[in-house]
Amino acid sequence: MRLDRIVWTLVCTSAVAVMAPVSARSYIRLASDSNTGSPLFRVDNAHIKFLVNTTIAPGYANSDGTVMITSGSDPMPALAAAEAAWANVQSAAIGFQPLSVTTLQNDPNDGNCVMTIIDTPENRSIVGDYLAITVYTYSADNSITDSDIVFNPAIVDSNGNSVPFPPTKKRTLTICVRLPRTKSATLSEPTTAELREPP
Amino acid sequence: MRRLAAHLAYRQSRRSILPAGIQLAVTLFVVTASAAVSPRLSFDQMVDRSPVIIEARVVGSRTAWDPAHKYIWTHYELQVTDTIRGSSAVTVVSEPGGSLDGVNQAFSGSLGYSPGEHVFLFLFRTPLGYWRTTGGSQGKVMVGEDGRIHSDIGNPDATVEAHLPQASPREPIGVSAFKSLVRSLAQSRAANETR
């Protein structure tokens, strides 16, 4: 897959799905102890509030001066669509509050769920080569107390060329999820949403 | 050597296919092993983007805060058995996440390592100075007890040779053949160390 075709991927995670045990191919089961321990859960599953940092905006440039979100992009509707897709999953007891813009940054200890693409050495380090990651903090009882989504502020292709977030008006948002048909367990499910060319 | 020669000969004749086969095998690891998404890198790209490539065994781990005392990192100590590219001084691979001081942090896509694991690691240096695997889990190639290359997801079918094109020699890739292949490619291509 050419990186310049990937365009962008939004990883909206944070423990938004409530699901039953299913095949390992369908889920990444968030749990303590490297996903082999007790399942993690969140108490705000019915009204999860995500804040979108002001860096996630058309024309955003990283610290190298490279535009990472093209000027024609409209990321807020894309993010809202990702949430809506989850909220509309019948078998998932998930609800979201409307997105709002914030100047808060990713902080694993502030209890705020923030999406950001701010370019710092710290964020480049934790994101690594992923397009985006979710950072979640959980307490001793396995309840998730914080979950931030950090987008890669320096996505490049193999030639070192940046791959910015493209105009969304020409693309559709596809949520790549495979949920179970039952709803009894309390697990956390990362959601992957990709921006793709419409058919 | 006959197997390696066959692989290399095939590679020279169908240069775009063998890397693609390995790419497929390697990238299959990442698709299924991680919640986070990383770009699928070809074998050539993996080598290009990895200034350090080593063969090692995992011997232990420790957790520590980053310099800003914001995120917890788990640092896995390695016994490096061969340095295919770069500095032999790299003896630690790091992943964000862990538990420390009563705080539990986890990161989607973060890789785990177990003591005793025999691995090939394609590494880059993060801005914080930690060494991480290139392309997420694509940069961690495990060696099974059978001496063959396996994925890190415990799928016995996900061996490199299982995904080589049908036209290629359908022989298992062992450690020495894999290492020779990587070394050959690493010697012919310069590493891109920028991130």
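So, S1(B) and S6(B): these two strands run antiparallel, and six bridges join them. Strands here are DSSP E runs of at least two residues, helices are H or I runs of at least four, both numbered from the N terminus, and two strands pair if DSSP finds at least two bridges between them. If you want a place to look, B:Ile53 has B:Phe122 as its bridge partner in S6(B).

Before I go on, this is a predicted model, so local features need pLDDT of at least 70 and side-chain atom pairs count only at pLDDT 80 or more, while totals for chains, interfaces and linings use all residues. Residues are numbered from 1 along each chain as its sequence is written, chains are lettered from A and ligands numbered from 1 in the order in which they are written, and side-chain values use heavy atoms, leaving out hydrogens and water.

What about the largest nonpolar core? It has 26 residues, and A:Ile126, A:Ile133, B:Leu121 and B:Leu123 touch the most other members. By core I mean buried Ala, Val, Leu, Ile, Met, Phe, Trp, Tyr and Cys residues joined through side-chain atoms within 4.5 Å; buried is under 20% relative accessible area, exposed is over 50%, partly exposed is in between, with a 1.4 Å probe and protein chains only. Helix H4 (121–127) and strand S5 (132–138) of chain A each supply at least two residues of this core, and so do S1 (52–65), S2 (72–85) and S6 (118–125) of chain B. S1(B) gives the most, with four residues.

Take B:Leu123 on its own. Leaving aside neighbours within four places in sequence, B:Leu123 is in contact (heavy atoms within 4.5 Å) with residues including B:Val52, B:Ile54, B:Val93 and B:Trp131. There's also a second, separate core of 22 residues, with A:Phe50, A:Val52, A:Met68 and A:Leu99 among them.

Last stop: B:Gln187, in helix H4 (residues 175–188) of chain B. Is B:Gln187 buried or exposed? Exposed, because its relative accessibility is 65%. B:Gln187 and B:Ile84 are 103 residues apart in sequence, yet 9.0 Å apart in space, C-alpha to C-alpha.
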